[in-house]
Amino acid sequence: MAIDFLYPQYEVVRNYDRCIACRACERQCANEVHFYDPEFQKMMADESKCVACHRCVSLCPTRALKIVKTDHTFKANANWTGKAISEVYRQAGTGGVLLSSMGNPEPYPIYWDKMLINASQVTNPSIDPLREPMETRTFLGKKPGKVERDRDGRLVPNLSPQLELNVPVMFSAMSYGSISYNAHASLARAACALGTYYNTGEGGLHQDFYQYGPHTIVQVASGRFGVHKEYLEAGAAIEIKMGQGAKPGIGGHLPGHKVGPDISRTRMIPEGTDAISPAPHHDIYSIEDLRQLVFSLKEATAYKKPVMVKIAAVHNVAAIASGVARSGADIICIDGYRGGTGAAPTRIRDNVGIPIELALAAVDQRLRDEGIRDQVSVVVGGSIRNSADLLKAIALGADACYIATAALLALGCHLCRSCQTGKCNWGIATQRPELVKRLNPEIGAQRLINLVTAWDHELKEMMGGMGINSIEALRGNRLMLRGIGLTQKELDILGIKHAGE
Amino acid sequence: MLQKEGQIRIPAGCAISGIFHRDGARENGARIIESIRTMHDRSNGLGGGFAGYGIYPEYADYYAFHVFYDTQAAKDACEQALERHFDIVDLSRIPTRRHPRITDEPMIWRYFATPLQTKLASSQLDEREFVSRFVIRINHTLEGAYIFSSGKNMGVFKANGFPEDVGEYYMLENYEAYSWTCHGRYPTNTPGWWGGAHPFALLDTSVVHNGEISSYDANRRFIEMFGYSCDLLTDTEVITYIVDYLGRKLGLTYPEIANVIAAPFWSTIEKQPPEERERLTYLRNAFASLLVTGPFSILVGFTGGLMALNDRLKLRSMVVGEKDDTVYIASEECAVRVIAPALDRIWTPRGGEPVIVRLNERGNP
Amino acid sequence: MKRIYVNEKWCLGCHLCEYYCAFANSGKSSMVKALKDHKIAPRIRIEERDGISFAVNCRHCTDPLCVKGCISGALTIVDGAVQIDSDKCVGCYTCILSCPYGALSTSNEGAIQKCELCMKNAFGQPLCVQGCPNKAIVYEER
Amino acid sequence: MNYVIIGNGTAAVGTIEGIRAVDREGPITVISEEPYHVYGRPLISYLLLGKTTEEKMLQYRPADFYEKNGVKTLLGRRALKVDPTAKAVHLEDGASVPYDRLCICTGSRPFVPPMEGLDAVEDKTSFMTLDDAKHLDAMLGEHNDKRVLIIGAGLIGLKCAEGIYQRVRELTVIDLAPRILPNVLTEAPASILQKHIESKGVRFLLGDSVQRFAPHTAHLQSGGAVDFDVLVVAVGVRPNTELAAGAGCEVERGILTDARSATTVPDIYAAGDCTVSHDIAADTDRILAILPNAYMQGETAGRCMAGDDAVFDKAIPMNASGFMGLHMITAGSYDGETYLEQDEAHYKLLVTRDNRLVGFIMIGDVDRAGIYTSLIRDRVPLDSIDFDLIREKPQLMAFSRAERAKKLGGIHG
């Protein structure tokens, strides 16, 4: 065997004073890190296999385990960092594209954390959400911009199809294939209970989940996997995926070993074959083609469902969004560069795209400048980490947010970013039955419900503090935000003042 | 240095009062001044104003522009613009009397005018849209000129000072109106600017407002899509534009406008009979961004009518009194009682529940 | 009555229930003290084979054969739960002979042992249920 | 409804609890010759062994058992006759107890065959009752110096042996049969058990019998002789059927009952060792003098007496016993195809017939034996489970997923 230049990234630290050798760690590690050595009568570990997913740590009944980053180091070099060097070694060893999962982890600015929220004092009362109604119900879809009346002068409900959300949070697209059956079941059940929506992603809709159709957004992406008439009709809305924040400009690839019987059936592809989503839609080479697809889908579903178009936040996102808004889409979804993925080339994930905060601010302002903000709803994702991010997004102009990474975290994901291996110890990003069963949707759904309910509570609390008792009065209300530590250019793009102004 | 209205958004507390004669009977400004004087403590001397409807019967078919000028140059420029677009049938300084507490006055002019037919035709606009665009453009672009009243047979009078002083300053005893509204202002940090005082008006819609709306920027950024420019950054201004947009441009009725800007809570909507539920849901959803939150009590004056409205939580006080055909509305009951001690009825409207009064058959033959 | 139910669909075969059981009934204050360097003799036991696994413990039958057949009166039903008085038990194993679930087992003390829903120990409610990471064991009314 | 029970053993307890499960009110009278609060008969060997005490034994049911169940006891009083026409039980002391429903739980008595010179033996006893145990205890004294001879290597004899083996100088068990536990075990497991018991110092004389007794010596058929200080006669038991027969109940070796524990005489039920049961494993009628059986028959009788519609139709022979640390569990019949696993300490025999498990013997490792018992009792078709797995060890894994969901998941239907 050739020399492996790499030292393991993590160390498994076991407190032998506490270890009772129950072997739960061993049984629960799909990476086969832990094993019992009968000779030493001790648990041992091969840390080179460890991905720091913390399954063992979480299950250890005596807290005997922790995973630490190795302090093994290269000679200090601000330019050739350990990471940079290791990546060269890995590529020199394999000759391959580096693959990663989940969102861009690099230390770029996080604008959410550079915006502060307002509160009422004296001139305007804050509102106590425990005493007064506090409304976060949201409708997504095109607004009519004019009224019509019947002969008796009564208003005619001339709204296009709308999505009604009890909370301004939806679960964004993750395909059955990239995540497990039980992860999908958890999302679907939670969406129903919360009165919001989850998104099939590009993997089609498993037969078992048609029952959740009224809370499902069905996605049509470049691979067109699992798309058929019943599928389109099953959902509450249809989303055309043009791009994804984690990997703008490229397609997707579900390796054949993940395409088991169920996935094969759901995606309508042969078992064991790679499912490759092309980088572009091969019937969309320009905006007028998108318009055709939007209306094709509307035709196919008798204009009963809103059509969403999801794009990645890239440099000229405002102009693209404007084009999308004029293409007949009812809802534009913008995915920031921190958005997650089941697998993406590392270089793309870490270097392509722009922050969602700036993209959102630019898109919202652009649509207003053009007077068409009301013709389309704006949903943003990638990455909304908490209710403050959510509130800031809405104040910047979003109608609602998409969450996916946060949802997976609620399901147990520890962001080890090894989805591409298919050995997710939490039963999320895997198709191996013995791992999939680790995610009991009863628990999963409840945790998602808890998370979103908690965010909704916090959102209401913060809204009440601002004296706002309905979410529509927060939307685009940028006066409620102030920047901190931002340049004038950044403030201008975000359309907010600096703290103290 | 302190920034003035329009450069910065200034929160304010206030007093409002209104008198409306359903039978069209007109009275001069004495009683409305008395009413607002009673609520002296709700103002702090940094703005007061009045709107009177039916005050210019002789020029009823003409737009009455009331304009503040900071400079002669601004006046010249504005008058040039007016002349280019309008046929001016009368122009004059608005009569005022010297008042010890009203100082730093700008030039205050009044023009009765009607759009030039050629200009109007070539603009392909409806007459009122033509006028409103003109007003917005002047206010937005012409430094030192500010058109603060632009309706027909109505006029706004406002200044920096306590409202009762402002009324005396403008000699309102000389004007007779079937509908008066007035406002005393309590801004928190302004040097006081005449244009920032209430009422705020566009065409014949005028708004006086007590409160501070928390939805301001959401409303502003939305309404500005439709040709409005919120130069003053005040709640009153944005509410005026919302009322103008929903009423004049989209054709919603005043009750419907109230259902948009003070939309009932979803929990209330859900309890309605199906048709009403659908109607309210529609209005709330279709015009979601025009929901106004935060405390307010407003009086919206318009030709032939007056609408009083509280925010849906009723975070500001407002009472309505009736005596025969006359309706009184004020922030405090004392401001009604002082001018109409014997009332047929007095009540407190609930949050979000509009009180709309109109001229009856006697007032509107 | 609340009982422990097992859903093998969610059993991961992690065996933690066995360890929590052994700890719960050890009388010790920490799991480490109770179980370090001990071979455990839990009252709930995992059966596993070919990727299938599930926990088995006393079903607390309404019509328990073990209680009926007990020669010493050591097994009784208390508030619906089958309990063992180890002081009375002589270790004849008639209950082992009788139980269709194989849910009673021998203990080091001579008496037999069985799940008593942690009613008699410091926890008061089944620790195996609390320790199950996947709700494969639940304690509920059905 | 007025209930009367004759007898105060496990069957009687079952009857009382059966009645009370249905009828909280009707008076119950228990008539028993033995003067004790109810106790578990099989405990007497454990009493001698020191694993229990008389006090604990008498807590087979709590002290307030009768009171709580509204039972009037006539203890130490003997029933002489049942008059089914007058519906009354006549006692030896002349009293008469009327009944609406009667349950006869008279159990059995030791069978002592006629043996020459037996009367001359002074220190002798049977091994059935608490009094027998106390008597034996008294005879053994406290000096571990007695030589004991037990006649009978059946369950009673061997449990007696276990009870006293640490307290004697010498212990001999003699049986006519060629192996120990002839009614319970086949030859091979009997020999494993025998070796174990012998290793504890017990001497067996099998295939032999006492020809005649001298006061301290048993002269054997084979010609030898055994000297002893104390003699225990544990040859067997005979059901007490006389009362039932006198009442007109049909009686063969024991009282005949149906699956509802009813005798052939209206309103008279019978349960326990005095009855004949239907052994479903061997599909024969026989006396199954075992405690769980007695309880279940009694409970069925009680429920039916109180008007419920209960049936007990799952009787099989079965035994769980330990002998000096070695455990044995057996059930059913040994007639059929056999599967055997055996090593030094363990022995496991499974017997199948017609797609059913009909019997088993486990010695040593008896873990989860009840799963096998349930296969016999429930007559589970073996092709509905994974027999290879169940043969390996008793486990629920052998059942279908759906069956497990019922067993463990509380999912019915």
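The model is predicted: local features need pLDDT of at least 70, side-chain atom pairs count only at pLDDT 80 or more, and totals for chains, interfaces and linings use all residues. Residues are numbered from 1 along each chain as its sequence is written, and chains are lettered from A and ligands numbered from 1 in the order in which they are written.

Select chains C and D. Here 30 residues of chain C are in contact with 39 residues of chain D (contact: C-beta atoms, placed from the backbone, within 7 Å). On the chain C side, strand 1 (2-6), strand 2 (45-49), strand 3 (52-56), helix 3 (65-69) and helix 4 (94-98) give two or more residues each. Helices (H or I, at least four residues) and strands (E, at least two) are DSSP runs, numbered from the N terminus. Helix 4 of chain C gives the most, with 4 residues.

Next, select strands 2 and 3 of chain C. These strands run antiparallel and are joined by 5 bridges; strands pair if DSSP finds at least two bridges between them. C:Arg49 has C:Ile52 in strand 3 as its bridge partner. The hairpin has 2 residues between the strands, and C:Asp50 takes a positive phi near 50°.

Finally, select residues 181-194 of chain A, which form helix 4. Of its 14 residues, 12 are buried (20 or more other C-beta atoms, placed from the backbone, within 10 Å of the residue's own), including A:Tyr181, A:Arg189 and A:Leu194. After helix 4 of chain A comes A:Gly195, with a positive phi near 75°.

Terms used:
Contact = placed C-beta atoms within 7 Å. Expected span 1.5 Å × (residues − 1).
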